[in-house]
Amino acid sequence: MSTLPAAFLARPRTVAHSIAAFLAGSGVRRVYGLTGSHIKPLWEEMAHAGIRVIDVRHEAAAVHMAHADADLTGELAVATVTTGPGLTNAVTGIAAAHQGRAPVLVVSALPPQDQLGLGALEELDQRALVAPITRLARTITSARQVLPFLAAAFSAAVGDDGLPGPVYLDLPTDLLRREDTWSGSATLDGAPRVPLPVAANESSLRAAREAIARARRPVVISGRGAAGAGPALQRFLEATGALYLDTTESRGLVPVDHHACVPAMRSRVMAEADTVITVGRRLDFSLAYGSQVAFGQATDFVRIGTTFEETGENRPGSCEVKGDPAFVLDALVAAGAMPSDLDVDWRSSITSGDRERRETWRKRAEATPYGPDGGIHPNALIAAINDALIGRGCLTIADGGDILSFARVGLDPPARLDTGTFGCLGVGVPFAVAASIVHPDSVVVALVGDGALGFNAMELDSARRAGAKPVIVVSNNEAWNIERHDHVQNYADNPGYNTSLPDCRYDLLAQSLGLHAERVTDIDRLAPALAEAIERAPALLDVRTSRDVQSSDFTSGLADLRPLHVLSGWDEAERKLRENYP
């Protein structure tokens, strides 16, 4: 029996009505978007169906919010954008979701059918524009196509037959208003918003058990494809004694205080592990594409996932297990997969080293409150945020170039969401708005660089209007600071690089939009300001940070764009390896 409002079911059965019924029948309870005349018929029906529309100030932010929603819930999320410029504005959000493999449905509209091809208002070949950055892109031209195209879009988005990611549907606005004589009551059943499980074959499971039995220094590295496999991951770690490295794609699946988690020892673990077990994780640039320069002692790669990208891309596994990660991990545990001769001394050395490095970082942050220019040291800012969140149910987000590098090392708990492998600046505020809506009882803190804030600063207004309560902490070093350091070091004789962002007061902007806000320049004011911001959220703190302190991303060569690897050390090692390759 349908749970949709009786008044909605009694409304005329238009195409827009059928789409809204399908979304609601699939369990969609909120949609992110920005209004426009072409898409209004769908908004009208979604509202009557009981779907909440969170309206934003820029279409890219709508898709960013849906992206965050999908990452936090593990289910398909929805964004709607209007025609022409509405869709082109959304392209960055769609591309970020594509790179992050986030299951997001983007719905847009087109000019009326009889005007298509005549130079109609806001006319554009939208499907062709987004096809390269979506898993599926289709235009609905008939009421007959509504149900099958929606079902196909949901299946493609969640990754039933490949990688998950964004999908796109559009249709003429007059078709939205037209009677739908095709869909009937079937639309009320909707479609699954999570992928169907895939079982692995016994021969690949047996090969994985044998590889794990040979392992002395195993490490598990998880990715996007491990979403929903948290309990199974933890059972596998307990059974095998493997160490664990997560990524932002899979953060939160294993608690950061789990004894197998060793984020501060990432480079050493990668270099010394003899068996690398990837779970739903691509071997992309952040893992040196699986190269020997990063995984110097690995003799076995056990790759678990549901697609080629997770099981064979860049470095084929010595064992490739194609199956649902939770199913595979539990099957391995049930079959008694475990190392026969675990190197417990190595494991102990890594875990103690991780604790020591975290403690050393904390002491150094406390001892260095300011940078050479008198701005608050980024590490001191992060330490203050860590202290403010102790004992609270919280969720952290990081966005920026320079500050993200510091946050990746010191933020505790680690950022649940950040710019991702696409490096998409500007996601911080929209991610924080969505996170606060999805988890209204959690303290949501987004640490955002001043440059990154500028992309979606007006979503502070969206937070207020939506009743979301994030705390936005702006690291204001008055610069695109990684680029500024690169300019000073490599392009100092060219004055044309505009890498400074002087004299901006983001607290005054936030106050003008109705948020609690404060400018902080004194380290002693930081703790009380954070406490007050949490109590009075939505809020923004504009923290004057040092621009003289170089981040690890800069010092490791990220700005250099080396030809072989993202890090200069890996790049140099790869070059030497190629020179000596037989």
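Which residues in α2 are buried? They are Val 15, Ala 16, His 17, Ser 18, Ile 19, Ala 20, Ala 21, Phe 22, Leu 23 and Ala 24. Buried means under 20% relative accessible area, exposed means over 50%, and partly exposed lies in between (1.4 Å probe, protein chains only). This is a predicted model, in which local features need pLDDT of at least 70 and side-chain atom pairs count only at pLDDT 80 or more, while totals for chains, interfaces and linings use all residues. Residues are numbered from 1 along each chain as its sequence is written, and side-chain values use heavy atoms, with hydrogens and water left out.

**The whole chain**

- The protein chain has 24 helices and 16 strands. Helices (H or I, at least four residues) and strands (E, at least two) are DSSP runs, numbered from the N terminus.
- The radius of gyration of the protein chain is 25 Å, close to the 25 Å that the globule rule gives for 582 residues, so the chain is as compact as a globular protein of that length. The radius is taken over C-alpha atoms, and the rule is 2.2 Å times the number of residues to the power 0.38.
- The C-alpha trace spans about 70 × 65 × 45 Å along its principal axes.
- Of the 582 residues in the protein chain, 56% are buried.
- Take the contacts between residues at least 6 apart in sequence: 74% of them join residues at least 24 apart. Contact means heavy atoms within 4.5 Å.

**Helix α2**

- Helix α2 covers residues 15–25. It is mostly covered, with 10 of its 11 residues buried.

- Strand β7 runs over residues 218–222, and five of its five residues are buried.
- In a regular strand the side chains alternate between the two faces of the sheet.
- Both faces of β7 are covered. Pro 218, Val 220 and Ser 222 are on one side, and Val 219 and Ile 221 are on the other.
- β7 pairs with strand β9 (residues 275–279) in the parallel sense, over five bridges. Two strands pair if DSSP finds at least two bridges between them.
- Three bridges join β7 to strand β8 (residues 243–245), and these two also run parallel.
- β7, helix α10 (residues 230–240) and β8 make a right-handed β-α-β unit. Right-handed means that, with the strands pointing away from the viewer, the path from the first strand over the helix to the second runs clockwise.

**The five-strand sheet**

- An open sheet of five strands has the order β12-β13-β14-β16-β15, with parallel pairing.
- β12 (394–399) and β15 (516–520) stand at the edges. Each has a single partner strand, so one side of each is left without a neighbour in the sheet.
- The twist averages 15° from one strand to the next. Axes are lines fitted to C-alpha atoms, for helices over the stretch in contact, and angles run from 0 to 180 degrees between N-to-C directions.
- β15 pairs with strand β16 (residues 539–544) in the parallel sense, over five bridges. Glu 518 has Leu 541 as its bridge partner in β16.
- β15 is mostly covered, with four of its five residues buried. From β15 the chain crosses through helix α22 (residues 523–535) to β16, and this β-α-β crossover is right-handed.

**Ala 384**

- Ala 384 is found in helix α15 (residues 378–389).
- Why does Ala 384 count as buried? Its relative accessibility is 14%.
- Ala 384 touches Leu 526 and Leu 530, not counting residues up to four places away in sequence.
- Ala 384 and Glu 122 are 262 residues apart in sequence and 48 Å apart in space, C-alpha to C-alpha.

**Cysteines**

- The structure holds zero disulfides. A disulfide is a pair of cysteine sulfur atoms within 2.5 Å.
- Cys 261 is in no disulfide, and the nearest cysteine sulfur, that of Cys 394, is 16 Å away.
- Cys 261 counts as buried at 8% relative accessibility. Cys 424 counts as buried at 6%.
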